Each structure stands twice: as C-alpha cells, then as structure tokens.
Amino acid sequence: MTASVKISLQAVEKRYASPRGEDVTALAPVTLDIASGEFVCLVGPSGCGKTTLINLMAGFEKSSAGTVSIDGNPVRGTDPDHVMIFQEYGLYPWRTVLGNVLFAVEAKGLKGKEALEKATEYIELVGLTKSSDSFPRQLSGGMKQRVAIARALAVEPSVLFLDEPFGALDAFTRMYLQDELLRLWQEKRPTMVFVTHDLDEAVYLGGRVVLMAPGPGRVQRVITIPLPWPRDRTGESLGKYRRELFEEFHLVHQQAAIEAEYAI
Amino acid sequence: MAFRSALYSKLLPALSLLAFLALWQVAAGFWPPELFPTPAAVARALRELAQTGVLWSHIAVSLARFVTAYLAAVALAVPLGLFLGRNPRCRQAIDPLVQVLRPISPIAWFPLAVLWFGIGNAPAVFIIFLAAFYPVLLSTISAVIGIPPVYLKVASNFGAKPGAVFLRVIIPAAFPGIMVGLHIAVGTAWIHLVAGEMLGAQSGLGYLIVDARNFMRTDSVMAGMLVVGVLGLGINQLMRRAESWLSRRWGGVA
C-alpha cells in the first residue's frame, strides 16, 4: 500500500538576515514527503526550525531555496484547503462560537442557510452545540481550541497544520483534546502536520515523528510508528518508540549543549 | 454590607460636596461679592438665566457646535486612522507632520480661524474639531497597528477577500482601541468648546461667561462655569453608557 504523496519538500531552506546583517540559517535544506491522510508530528527543542517549516508548508513564509509543493503544485501563499491551527487559537473575540465558524464558512463562499448548517454541523462535531452563542472570553482554553478546530474543519480542508495547538493547555485537557483530534482525524481523514515540543504527544499522535535539531534547524531523524490508533499511553509497544525517540532526543540535546559551550 | 457600601457610595460624595459648598461660603466672606460671590448668589444667577431663557439658547448653541465638530472630527479621523494604520509607508511619511501639528494647542489656531472663517460658529467649530481630531486619529492608528497578527493570518488562511478582511476583521479588531480615542476626544472637545466660544463667538456657554464678565456679573460667570461642568459630566456619562452597551455587543472584551 503506497499512499499518494500529498506534501513534498525538496531541499527546502530558510535563511534570513539578522538585524546585525548576518546571514542566519533558520532551516538547513529539508527533503521530506508526507503522504495523503498521514499524521506527521514535527518535534524538537526551540530553534530547531519546526515552526518555520510548518509556516513554509502553510504558505505564511517563503522558502529561500528549494520547493514546497502540495498536490504537485508549488505553495505560493495561504490556501483555504490547507488550514493552520494556532496555539493562541486566533478566534475573533467579537464573534460568538457560531460567528467564528461562520466566518470561515462564509469566506469559502457559502451563504445563508447553507453556511449556517455547515457551521452548526461542525460545532456539533466538536461537542460545543450548547456554547454556540457564547463569546470566546466565556470559554476555557480547551473549548477555545475546539472552536478553532471546528472552524478549520468546517471548510473541509485536505491538510490541517497544527502549530503547538495544545501548548497552552493543562495536562488533562491536552490528553482529552489529543484523543478528540484523533477521533476527528479518523472521521475526516485530512493530512495532519502537527508541531509540538512534547515528545510524548508526538509519539502518541504521530504515524511518523520527525525529530528536528537546532543550530541550524534541521531534520535529525524520522521515526515511523506503525501502531494503530487509539494507542495505549502506558503500553509497552508505545514505550519502545518512546524510548527510541527520547534517546535520539538526548543526543540532539547533548550536541546542542556542546555547540552552545563552543559558541560562548 | 451591600446596603452599607451603597449608603457610602451616596453619602461620601454628598458629604464632600457639602464640605466644598461650606468652604466656598467661608471663602466668599473674605472678598466683596462682585469678586467672589457666595453659592447662594450663584444659584440665584442661575435661576435668573434659566427663567429669562438665555441659558437654554446658549446651551442649545453650544451643544449643536459640539456635536457638529465632534462628528466631523470622528468622520474624518477614523477612516484616515484606519488607512494610516494599514499603510506603514504613508504613516512614516505623515508621522513627522502629525507630531509637529499635534502639540499646537487648538487655541493657538484661533487668530487664523477668525481670519479665515470670520466671527461666528465656524472658528469655535474649527477649534473643537481640532481638539477631537488628534486623539481619535492617533488612537485609531495605534488600534490598527495593535491588531494581533494571528487575526489577519486566520483571515488570509480562509481566503477572506480584502473587503471582508477590512470590514469583518480590521474594523472590529480595532474597535475597542478606537472607542478609547472617541472617549478621550469627547473630553478634550468639550473643554475646547468653551475656550473657542470665549474667543470669538457671539453665543454659546463660553460667550455667556465672557459676556457676564464684561458686566462684572461674577455670579453669572460662576453659574456658566457650573453649567459647563454639569453638562460635561452628563456627556461623559452618556459616552460611558454607549461604550458599555457596545462592548457587551462586542463580546464583553472592550
């Protein structure tokens, strides 16, 4: 079974000039293919370029070299078919839950009753029907992120980018939302690219985990986790991959520490 | 406890008002009445002005000028602020000009205003306009600059058209900041209304005060000042009410 390639990165590189005029490499050339419907986690310490990489794929930034293409088309900017979910939710505080989801649906071109039905359907999907008329301020962090997920899914994108979506949530809410996200993914099957700095989260969610390293940002290793979902968080089978990832991460960390010493 | 705090919230201001009146009464004793009238004399003057109808026509004129100038300032400053907030290049170009013009008190424009517009409504309206214009302009610009980038990223990601982004994201996102400017501008505009009318107008509350001074009617001067203060308070309260009503509609964040 070879799934078709959805996102293709060919020697993608990101450099920028620092305020002092130095040439800084945020991301050394990365080559990576992501299959259609795959769940890929990008994980690594800060400065490893994982956010840069997801921004390049989502079209919020432009690469300095190499090509990013989705469905064979080079990414030139943002696209309603490839939706990003942010850690800070990005909900509009002046709109209700329904209003926020409607914004996306209407931007896509749906109108009136059709738009309302679509928005309502996806609010129900994330279990927020009762809070439909609430404003974001009245919701907990976990509920806000569910609204953002409903808003993203409501336009029925083929790719979902998630930039540390659960980073600001407490541990219990995070675990609950991880399971919710897996449920929604298995129901709708978009391609998922999930950025996190939490190794456990990456191992629990990802079909593949891309471990990244800093200085300059690069891909250290790609680990495939061929376990079915839902996974047992404490099970031995997941534990094996978890250990492998932690060992590799430890190496990355040591290298980073040594390089930092030299830099001083 | 609730009853006591409610009592205090009424009682304490009443007490300080009484103390102020008592102090005024005592102080007035040291000067001749034509220099420093007593509260009672001012109250009499106020009644006299109200009964002859002079007061009401001056109030009506002042309010009309205030509303005209304020609305004109808002109508110009908000769109200009939105535009400059979205265009860093234009902002850079215009910023030094604004920084030089802004510290000039609207009162300083008075001689030119009279030369250009003559005596009458126009110079006073022009001065109130200037007083309201800058606070609204500057707060609108900073409100637009302060819009969290993620709001615009989300809009662009879902493919919202530029017009929709402007109307449905930029304006509502900047709204709480614009509201702050509108509120500040009401205060500065009202203060400058009286100043503007004292200098060149033939009617209005400012004129009432100057006119009374010319006849050495200090009791009427103080009565006029009192009316200006009370109306200013009323306008501010109205503004606050409008603000809280709007912010409730805005999701309770403003």
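## Reading the model

Because the model is predicted, local features need pLDDT of at least 70 and side-chain atom pairs count only at pLDDT 80 or more, while totals for chains, interfaces and linings use all residues. Residues are numbered from 1 along each chain as its sequence is written, with chains lettered from A and ligands numbered from 1 in the order in which they are written.

## Chain A as a whole

Let us start with the overall form. Chain A contains 7 helices and 10 strands; these are DSSP runs numbered from the N terminus, with at least four residues (H or I) for a helix and at least two (E) for a strand. Its C-alpha atoms fill a box of roughly 60 × 45 × 40 Å along the principal axes.

How much of chain A is buried? Of its 264 residues, 43% count as buried. A residue is buried if 20 or more other C-beta atoms lie within 10 Å of its own, exposed if 12 or fewer, and partly exposed in between, with C-beta atoms placed from the backbone. Among contacts in chain A between residues at least 6 apart in sequence, 69% join residues at least 24 apart. Two residues are in contact if their C-beta atoms, placed from the backbone, lie within 7 Å.

## Two domains

Chain A is divided into domain 1 (1–81 + 173–251) and domain 2 (91–156), with bounds that come from an automatic or database domain assignment. Their centres, taken over C-alpha atoms, are separated by 26 Å. Where the domains touch, 6 residues of domain 1 are in contact with 9 residues of domain 2. The domain 1 side of this contact divides into 4 nonpolar residues, 1 polar and 1 charged. Here Ala, Val, Leu, Ile, Met, Phe, Trp, Tyr, Cys and Pro count as nonpolar, Asp, Glu, Lys and Arg as charged, and the others, Gly among them, as polar.

## A four-stranded sheet

Chain A has an open sheet of 4 strands in the order E2-E1-E4-E5, with antiparallel pairing. Strands E2 (23–35) and E5 (73–74) stand at the edges with a single partner strand each, so one side of each has no neighbour in the sheet. Strands E1 (residues 5–17) and E4 (residues 65–70) of chain A pair in the antiparallel sense over 5 bridges; two strands pair if DSSP finds at least two bridges between them. Within this pairing, Leu9(A) has Val68(A) in E4(A) as its bridge partner.

## Backbone features in the loops

Most residues other than glycine have a negative phi, and most peptide bonds are trans. Asp71(A), in the loop between E4 and E5, has a positive phi of about 55° although it is not a glycine. With 16 C-beta neighbours inside 10 Å, Asp71(A) counts as partly exposed. Arg189(A) also has a positive phi of about 55°, and lies in the loop between helix H5 (171–188) and strand E8 (191–196). Its 13 C-beta neighbours inside 10 Å make Arg189(A) partly exposed.

Which bond is cis at Pro216(A)? The peptide bond from Gly215(A) to Pro216(A) is cis, with omega near -10°, and Pro216(A) sits in the loop between strands E9 (208–213) and E10 (218–224). Another cis peptide bond joins Trp229(A) and Pro230(A), with omega about -5°. Pro230(A) is in the loop between E10 and helix H7 (236–263).

## The core and the partner chain

The largest nonpolar core has 134 residues, and those with the most contacts inside it are Val101(A), Phe161(A), Ile128(B), Ala132(B) and Ala189(B). Such a core is a set of buried Ala, Val, Leu, Ile, Met, Phe, Trp, Tyr and Cys residues joined through C-beta atoms within 7 Å. Helix H6 (residues 121–145) of chain B gives the largest share, 16 residues. Leaving aside neighbours within four places in sequence, Val101(A) is in contact with residues including Ala119(A), Tyr122(A) and Ile123(A).

The contact takes 19 residues from chain A and 16 residues from chain B. On the chain A side, strand E6 (82–86) and helix H2 (97–107) are the elements that give two or more residues. That side divides into 14 nonpolar residues, 2 polar and 3 charged.
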